[in-house]
Amino acid sequence: MRIGITGASGMLGTALISKISKSHKVFATSRDKGLEEKNIKWDCFDLTNTKMLYKWLNKTKPELVIHCAAIVNVDLCEENIELATALHVESTEILVNFLNSTNSGLIYISTDSVFNGEKSDSYNETDLPEPLNIYARTKLQAEKVVQSFDNGLVLRTNIIGWTHEGKTSFFEWLLKNLIDNKPMNLFHDVYFSPLTVEGLSSIIENIILNPILGLYHCASSDSISKYDFGIKVSEIFQLSTSNINSISVDNLNFKAARPKNMALNISKISSALEYDFPSVTDSINLMKRQFDKRINDII
(Lines give C-alpha, C1' and ligand atoms only; values in the text may rest on other atoms or scores of the structure.)
Protein backbone atom coordinates (compact mmCIF):
# COMPACT_ATOMS: atom_id res chain seq x y z
CA MET A 1 0.00 0.00 0.00
CA ARG A 2 0.88 3.67 -0.35
CA ILE A 3 0.74 4.95 3.23
CA GLY A 4 1.13 8.57 4.33
CA ILE A 5 2.29 9.29 7.89
CA THR A 6 2.12 12.74 9.48
CA GLY A 7 4.30 13.69 12.43
CA ALA A 8 6.67 11.05 11.07
CA SER A 9 9.79 12.30 12.86
CA GLY A 10 8.12 12.10 16.26
CA MET A 11 8.34 9.26 18.76
CA LEU A 12 5.43 7.25 17.36
CA GLY A 13 6.01 8.33 13.77
CA THR A 14 9.58 7.02 13.83
CA ALA A 15 8.50 3.64 15.16
CA LEU A 16 5.70 3.46 12.60
CA ILE A 17 7.75 4.25 9.52
CA SER A 18 10.47 1.84 10.65
CA LYS A 19 7.97 -1.01 10.89
CA ILE A 20 5.54 -0.21 8.09
CA SER A 21 8.18 0.62 5.45
CA LYS A 22 9.27 -3.02 5.51
CA SER A 23 6.01 -3.99 3.77
CA HIS A 24 4.59 -0.76 2.32
CA LYS A 25 5.63 2.41 0.50
CA VAL A 26 5.69 5.14 3.13
CA PHE A 27 5.25 8.86 2.44
CA ALA A 28 6.49 10.58 5.56
CA THR A 29 5.90 14.20 6.47
CA SER A 30 6.99 16.36 9.38
CA ARG A 31 8.63 19.74 9.86
CA ASP A 32 12.02 17.99 10.05
CA LYS A 33 13.27 14.84 8.34
CA GLY A 34 13.53 11.75 10.50
CA LEU A 35 14.43 8.11 9.89
CA GLU A 36 15.65 7.40 6.36
CA GLU A 37 15.34 3.85 5.08
CA LYS A 38 14.24 2.00 1.96
CA ASN A 39 10.60 2.64 0.99
CA ILE A 40 10.44 5.95 2.92
CA LYS A 41 9.90 9.16 0.95
CA TRP A 42 10.14 12.44 2.93
CA ASP A 43 8.42 15.79 2.41
CA CYS A 44 9.06 18.33 5.16
CA PHE A 45 6.60 21.17 5.73
CA ASP A 46 4.31 22.67 8.35
CA LEU A 47 1.07 20.68 8.35
CA THR A 48 -0.92 23.84 9.08
CA ASN A 49 0.14 25.12 5.64
CA THR A 50 -2.99 24.17 3.72
CA LYS A 51 -1.45 24.57 0.26
CA MET A 52 1.51 22.37 1.14
CA LEU A 53 -0.73 19.73 2.65
CA TYR A 54 -2.92 19.53 -0.46
CA LYS A 55 0.21 19.46 -2.63
CA TRP A 56 1.60 16.54 -0.62
CA LEU A 57 -1.66 14.61 -0.84
CA ASN A 58 -2.02 15.16 -4.57
CA LYS A 59 1.59 14.15 -5.18
CA THR A 60 1.72 11.05 -2.98
CA LYS A 61 -1.87 9.80 -3.55
CA PRO A 62 -1.95 7.72 -0.34
CA GLU A 63 -4.35 4.83 0.05
CA LEU A 64 -4.16 5.33 3.81
CA VAL A 65 -2.94 8.16 6.04
CA ILE A 66 -1.91 7.64 9.66
CA HIS A 67 -2.31 11.05 11.28
CA CYS A 68 0.14 11.22 14.21
CA ALA A 69 0.99 14.93 14.14
CA ALA A 70 0.03 16.75 17.33
CA ILE A 71 1.21 19.38 19.81
CA VAL A 72 1.89 17.14 22.78
CA ASN A 73 2.79 20.03 25.10
CA VAL A 74 -0.57 20.46 26.82
CA ASP A 75 0.25 23.82 28.40
CA LEU A 76 1.49 25.16 25.05
CA CYS A 77 -1.89 24.33 23.51
CA GLU A 78 -3.56 26.33 26.27
CA GLU A 79 -1.53 29.38 25.20
CA ASN A 80 -1.92 28.79 21.44
CA ILE A 81 -5.54 27.88 20.77
CA GLU A 82 -5.39 28.88 17.09
CA LEU A 83 -2.31 26.74 16.47
CA ALA A 84 -3.77 23.75 18.32
CA THR A 85 -6.98 24.08 16.33
CA ALA A 86 -5.13 24.43 13.02
CA LEU A 87 -2.98 21.35 13.59
CA HIS A 88 -5.44 19.07 15.35
CA VAL A 89 -8.74 20.00 13.70
CA GLU A 90 -8.20 21.85 10.43
CA SER A 91 -5.48 19.54 9.08
CA THR A 92 -7.75 16.59 9.90
CA GLU A 93 -10.62 18.19 7.99
CA ILE A 94 -8.38 18.57 4.94
CA LEU A 95 -7.22 14.96 5.18
CA VAL A 96 -10.77 13.65 5.52
CA ASN A 97 -12.05 15.70 2.57
CA PHE A 98 -9.22 14.56 0.31
CA LEU A 99 -9.25 10.91 1.36
CA ASN A 100 -13.03 10.77 1.03
CA SER A 101 -12.70 11.92 -2.59
CA THR A 102 -10.21 9.14 -3.34
CA ASN A 103 -11.96 6.42 -1.30
CA SER A 104 -8.86 6.12 0.89
CA GLY A 105 -8.57 5.55 4.63
CA LEU A 106 -7.47 7.52 7.70
CA ILE A 107 -6.20 6.35 11.08
CA TYR A 108 -6.30 9.22 13.57
CA ILE A 109 -4.11 8.95 16.66
CA SER A 110 -6.04 10.55 19.51
CA THR A 111 -5.57 10.79 23.25
CA ASP A 112 -6.70 9.21 26.52
CA SER A 113 -7.26 12.67 28.02
CA VAL A 114 -10.64 13.47 26.42
CA PHE A 115 -12.46 12.52 29.64
CA ASN A 116 -12.80 14.51 32.87
CA GLY A 117 -10.98 11.78 34.81
CA GLU A 118 -13.60 11.42 37.52
CA LYS A 119 -14.66 7.85 36.72
CA SER A 120 -13.49 5.24 39.24
CA ASP A 121 -13.03 2.55 36.57
CA SER A 122 -11.32 2.54 33.17
CA TYR A 123 -13.05 4.41 30.35
CA ASN A 124 -14.72 2.64 27.44
CA GLU A 125 -15.81 4.01 24.07
CA THR A 126 -19.40 4.67 25.19
CA ASP A 127 -18.36 6.97 28.05
CA LEU A 128 -19.13 10.63 27.44
CA PRO A 129 -16.03 12.75 26.77
CA GLU A 130 -15.56 15.93 28.79
CA PRO A 131 -12.18 17.46 27.91
CA LEU A 132 -10.58 19.69 30.54
CA ASN A 133 -8.08 21.54 28.34
CA ILE A 134 -7.49 22.91 24.83
CA TYR A 135 -5.31 19.97 23.78
CA ALA A 136 -8.00 17.41 24.61
CA ARG A 137 -10.80 19.62 23.29
CA THR A 138 -9.18 20.06 19.87
CA LYS A 139 -8.26 16.38 19.67
CA LEU A 140 -11.90 15.51 20.41
CA GLN A 141 -13.07 17.91 17.70
CA ALA A 142 -10.80 16.11 15.25
CA GLU A 143 -12.17 12.75 16.40
CA LYS A 144 -15.66 13.88 15.42
CA VAL A 145 -14.40 14.89 11.97
CA VAL A 146 -12.87 11.44 11.46
CA GLN A 147 -15.98 9.66 12.74
CA SER A 148 -18.09 11.48 10.14
CA PHE A 149 -15.97 9.76 7.49
CA ASP A 150 -16.85 6.23 6.32
CA ASN A 151 -13.21 5.13 6.07
CA GLY A 152 -12.01 6.67 9.33
CA LEU A 153 -10.56 5.07 12.45
CA VAL A 154 -9.88 6.86 15.75
CA LEU A 155 -7.43 5.27 18.18
CA ARG A 156 -7.33 6.79 21.67
CA THR A 157 -4.03 5.90 23.27
CA ASN A 158 -1.12 6.85 25.53
CA ILE A 159 2.44 6.05 24.46
CA ILE A 160 5.91 5.67 25.93
CA GLY A 161 9.16 5.31 24.04
CA TRP A 162 12.50 6.72 23.03
CA THR A 163 12.68 10.10 21.30
CA HIS A 164 15.19 11.41 18.78
CA GLU A 165 17.24 14.51 18.13
CA GLY A 166 17.49 15.92 21.63
CA LYS A 167 13.84 15.66 22.66
CA THR A 168 12.89 13.96 25.92
CA SER A 169 9.84 11.81 26.60
CA PHE A 170 8.21 11.18 29.98
CA PHE A 171 9.84 7.75 30.14
CA GLU A 172 13.29 9.12 29.30
CA TRP A 173 12.93 11.89 31.90
CA LEU A 174 11.88 9.32 34.49
CA LEU A 175 14.70 6.89 33.70
CA LYS A 176 17.38 9.60 33.65
CA ASN A 177 16.28 10.85 37.07
CA LEU A 178 16.35 7.30 38.40
CA ILE A 179 19.87 6.70 37.03
CA ASP A 180 21.11 10.07 38.34
CA ASN A 181 19.25 9.54 41.65
CA LYS A 182 17.71 12.98 41.17
CA PRO A 183 14.62 13.75 43.30
CA MET A 184 11.37 13.78 41.34
CA ASN A 185 7.68 14.04 42.09
CA LEU A 186 5.27 11.49 40.61
CA PHE A 187 1.48 11.61 40.94
CA HIS A 188 -0.17 8.91 43.02
CA ASP A 189 -3.61 10.03 41.81
CA VAL A 190 -3.08 10.13 38.02
CA TYR A 191 -3.73 6.81 36.25
CA PHE A 192 -2.91 5.81 32.68
CA SER A 193 -2.60 2.74 30.42
CA PRO A 194 0.57 3.26 28.36
CA LEU A 195 1.70 1.32 25.30
CA THR A 196 5.19 1.44 23.83
CA VAL A 197 5.39 3.05 20.39
CA GLU A 198 6.60 -0.30 19.06
CA GLY A 199 3.57 -2.00 20.59
CA LEU A 200 1.18 0.52 19.06
CA SER A 201 2.98 0.26 15.70
CA SER A 202 2.49 -3.52 15.72
CA ILE A 203 -1.21 -3.06 16.45
CA ILE A 204 -1.55 -0.53 13.62
CA GLU A 205 0.29 -2.93 11.28
CA ASN A 206 -2.30 -5.55 12.27
CA ILE A 207 -5.12 -3.07 11.54
CA ILE A 208 -3.71 -2.38 8.07
CA LEU A 209 -4.01 -6.09 7.33
CA ASN A 210 -7.35 -6.48 9.14
CA PRO A 211 -9.11 -3.09 8.90
CA ILE A 212 -11.46 -1.80 11.58
CA LEU A 213 -13.36 1.50 11.47
CA GLY A 214 -14.90 3.82 14.04
CA LEU A 215 -13.66 4.57 17.55
CA TYR A 216 -11.45 2.30 19.64
CA HIS A 217 -9.42 2.57 22.81
CA CYS A 218 -5.93 1.22 22.17
CA ALA A 219 -3.84 0.89 25.31
CA SER A 220 -2.24 -1.56 27.73
CA SER A 221 -4.37 -4.33 29.20
CA ASP A 222 -4.24 -2.69 32.64
CA SER A 223 -3.58 0.73 34.21
CA ILE A 224 -1.24 2.20 36.80
CA SER A 225 -0.62 5.47 38.66
CA LYS A 226 2.30 7.63 37.55
CA TYR A 227 3.91 7.02 40.96
CA ASP A 228 3.55 3.24 40.78
CA PHE A 229 4.78 3.36 37.20
CA GLY A 230 7.97 5.01 38.44
CA ILE A 231 8.35 2.35 41.14
CA LYS A 232 7.82 -0.43 38.57
CA VAL A 233 10.39 1.09 36.19
CA SER A 234 12.94 1.32 39.02
CA GLU A 235 12.34 -2.33 39.93
CA ILE A 236 12.70 -3.62 36.36
CA PHE A 237 15.77 -1.46 35.69
CA GLN A 238 17.16 -2.41 39.15
CA LEU A 239 17.50 1.18 40.33
CA SER A 240 16.82 2.81 43.69
CA THR A 241 13.36 4.22 44.46
CA SER A 242 14.66 6.55 47.18
CA ASN A 243 14.47 9.62 44.95
CA ILE A 244 10.77 9.15 44.03
CA ASN A 245 8.31 11.35 45.93
CA SER A 246 4.58 10.63 45.88
CA ILE A 247 2.44 13.74 45.40
CA SER A 248 -1.04 14.70 44.20
CA VAL A 249 -1.55 16.43 40.86
CA ASP A 250 -3.62 18.92 42.88
CA ASN A 251 -0.37 20.19 44.40
CA LEU A 252 0.78 21.67 41.09
CA ASN A 253 -0.63 24.68 39.32
CA PHE A 254 -0.60 23.74 35.64
CA LYS A 255 -1.84 26.19 33.02
CA ALA A 256 -4.02 23.42 31.61
CA ALA A 257 -6.20 21.25 33.83
CA ARG A 258 -5.39 17.52 33.70
CA PRO A 259 -7.73 14.55 34.21
CA LYS A 260 -6.74 12.23 37.06
CA ASN A 261 -8.01 9.01 35.50
CA MET A 262 -6.93 8.30 31.92
CA ALA A 263 -7.20 4.52 32.15
CA LEU A 264 -8.67 3.00 28.98
CA ASN A 265 -10.70 -0.18 28.60
CA ILE A 266 -9.51 -2.19 25.58
CA SER A 267 -12.21 -4.88 25.49
CA LYS A 268 -13.66 -3.61 22.21
CA ILE A 269 -10.44 -3.51 20.20
CA SER A 270 -9.08 -6.68 21.78
CA SER A 271 -12.20 -8.53 20.64
CA ALA A 272 -12.19 -6.96 17.18
CA LEU A 273 -8.56 -7.76 16.45
CA GLU A 274 -8.25 -10.95 18.52
CA TYR A 275 -4.94 -9.51 19.65
CA ASP A 276 -3.10 -10.13 22.92
CA PHE A 277 -2.52 -6.64 24.31
CA PRO A 278 0.54 -6.12 26.57
CA SER A 279 0.31 -5.13 30.23
CA VAL A 280 2.09 -2.09 31.63
CA THR A 281 4.77 -4.43 33.01
CA ASP A 282 5.18 -6.02 29.56
CA SER A 283 5.76 -2.56 28.09
CA ILE A 284 8.36 -1.62 30.71
CA ASN A 285 10.15 -4.92 30.15
CA LEU A 286 10.29 -4.15 26.42
CA MET A 287 11.79 -0.73 27.22
CA LYS A 288 14.42 -2.47 29.39
CA ARG A 289 15.37 -4.85 26.56
CA GLN A 290 15.67 -1.93 24.17
CA PHE A 291 17.77 -0.01 26.70
CA ASP A 292 20.11 -2.96 27.19
CA LYS A 293 20.51 -3.31 23.42
CA ARG A 294 21.37 0.37 23.11
CA ILE A 295 24.00 0.08 25.79
CA ASN A 296 25.48 -3.05 24.18
CA ASP A 297 25.52 -1.35 20.78
CA ILE A 298 27.46 1.58 22.27
CA ILE A 299 29.90 -0.76 24.00
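K268 lies over the face of Y216, 4.4 Å from the centre of the ring. This is one detail of a predicted model, and a second contact of this kind involves K226, whose charged end sits over the ring of F170 at 4.9 Å from its centre.

Seven strands form an open sheet, and their order is 3-2-1-4-5-6-11 with parallel pairing. Strand 3 and strand 11 (214–217) are the edge strands, each pairing on one side only. On average, neighbouring strands of this sheet are turned by 20° against each other, direction ignored. Strands of a sheet pair through backbone hydrogen bonds, and the pairing can be parallel or antiparallel.

Strand 1 can be followed to both of its neighbours. Towards strand 4, the pairing is parallel and runs over four bridges; T6 stands opposite H67 in strand 4. Towards strand 2, five bridges join the two strands, which run parallel, and I3 has V26 of strand 2 as its bridge partner. How enclosed is strand 2 by the rest of the structure? Five of its six residues are buried, so strand 2 is largely enclosed.

Helix 2 touches strand 1, strand 2, strand 3 and strand 4, and its direction makes about 160° with that of strand 1. Helix 5 (residues 134–147) also packs on the sheet, touching strand 5 (105–111), strand 6 (152–157) and strand 11. The direction of helix 5 makes about 155° with that of strand 5.

Which residues of helix 2 are buried? They include L53, W56, L57 and T60. These four residues cover an arc of only 95° around the axis, which puts them on the same side of helix 2. An α-helix has 3.6 residues a turn, so residues three or four places apart point the same way. The buried residues of helix 2 pack against strand 1 (2–6), strand 2 (25–30), strand 3 (40–44), strand 4 (64–67) and helix 4 (81–101). The face turned away from the buried side of helix 2 carries the exposed residues K51 and K55. Just after helix 2, K61 takes a positive phi of about 45°.

The last topic is the aromatic rings. The structure holds 13 aromatic pairs. A pair of aromatic rings is described by the distance of the centres and the angle of the planes. In the pair of W162 and F291, the ring centres are 6.2 Å apart and the planes stand at 25°; planes under 30 degrees apart count as stacked, so this pair is stacked. W162 lies in the loop between strand 7 (159–160) and helix 6 (170–180), while F291 lies in helix 10 (residues 280–298), so the pair links distant parts of the chain, 129 residues apart. W162 is buried, with a relative accessible area of 9%, whereas F291 is partly exposed, at 21%.

The rings of F171 and F229 also have their centres 6.2 Å apart, but their planes are at 75°, so this pair is edge-to-face. F171 belongs to helix 6 and F229 to helix 8 (residues 226–236), so the pair ties together parts that are 58 residues apart in sequence. Both F171 and F229 are buried. The residues of these two pairs belong to one aromatic cluster, formed by W162, F170, F171, W173, F192, F229, F237 and F291.

Definitions and conventions: Residues are numbered from 1 along each chain as its sequence is written. This is a predicted model: local features need pLDDT of at least 70, side-chain atom pairs count only at pLDDT 80 or more; totals for chains, interfaces and linings use all residues. Side-chain values use heavy atoms; hydrogens and water are left out. Rings of Phe, Tyr and Trp (its six-membered ring) pair if their centres lie within 6.5 Å; planes under 30 degrees apart count as stacked, over 60 as edge-to-face and the rest as tilted. Buried means under 20% relative accessible area, exposed over 50%, partly exposed in between (1.4 Å probe, protein chains only). A charge sits over a ring if NZ of Lys or CZ of Arg is within 6 Å of the ring centre and within 35 degrees of the ring normal. The arc is that of the directions from the helix axis to the C-beta atoms. Contact means heavy atoms within 4.5 Å. Two strands pair if DSSP finds at least two bridges between them. Axes are lines fitted to C-alpha atoms, for helices over the stretch in contact, and angles run from 0 to 180 degrees between N-to-C directions.
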